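User: I would like to go through the salt bridges in this model. Please set each value against its definition.

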Amino acid sequence: MAAAAVSTAKRSLRAELKQRLRALSAEERLRQSHLLTQKVIAHSQYQNSKRISIFLSMQDEIDTEEIIKDIFKQGKICFIPRYRFQSNHMDMVKLASPEEISSLPKTSWNIHQPGEGDVREEALSTGRKEHGPCPLPAAFRAVPNKGKKKDCEQTQGIRLGPRWT
């Protein structure tokens, strides 16, 4: 029963937040996106990270484009979500450049992502298992590059944005 109540509360909160986001003007969303970008880029965990998983924003979300550009400017490795069709499964796959985004196919939600047949490095399959699943719509993970192997639970990344499940 408690799980059902939590699920209901999450749905209600998501609906309320979605409504608040829709009520923001384009100028206010841009202003908030800029402020968030500056905070993320200045964060020590971001600065110390070599591999970053980040979502590609939709029109009614905080814009992540400038963060993605900075990831590449700083020489970091960028991973973006790829959902499997008719599944809840998501992989974080490597993005080659910020310019590549516009050439990626779109999902039924109008989000750019690599096609299922597009073979790419997956964050959890290469190197240390630094990245965990990054639920949308509002998630950002920065993973410190400590050079030490740790168990997967300890290397899931540091969340710099709200967690939605």
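**Salt bridges and their cut-offs**

Analyst: The count comes to 9 salt bridges, a salt bridge being a side-chain nitrogen of Lys or Arg within 4 Å of a carboxyl oxygen of Asp or Glu. This is a predicted model, where local features need pLDDT of at least 70 and side-chain atom pairs count only at pLDDT 80 or more, while totals for chains, interfaces and linings use all residues. Residues are numbered from 1 along each chain as its sequence is written, and side-chain values use heavy atoms, with hydrogens and water left out.

User: Why is the contact between arginine 31 and glutamate 28 called a salt bridge?

Analyst: The N to O distance is 2.7 Å, which is within 4 Å, so the pair qualifies.

User: Where do arginine 31 and glutamate 28 lie in the helix?

Analyst: They are 3 residues apart in helix H2 (residues 26-42), about one helical turn; helices are DSSP runs of H or I of at least four residues, numbered from the N terminus.

User: What makes arginine 31 partly exposed?

Analyst: Its relative accessible area is 44%. Buried means under 20%, exposed over 50%, and partly exposed in between (1.4 Å probe, protein chains only), so arginine 31 is partly exposed. Glutamate 28, at 22%, also counts as partly exposed.

User: How do you know that glutamate 65 and lysine 69 form a salt bridge?

Analyst: Their closest N and O atoms are 3.3 Å apart, so the pair meets the cut-off. Both residues lie in helix H4 (residues 65-73), 4 residues apart.

User: What makes the pair of lysine 69 and glutamate 66 a salt bridge?

Analyst: The N to O distance is 3.6 Å, so this pair is also within the limit.

Conventions. Helix = DSSP H or I, 4+ residues; strand = E, 2+ residues; numbered from the N terminus.
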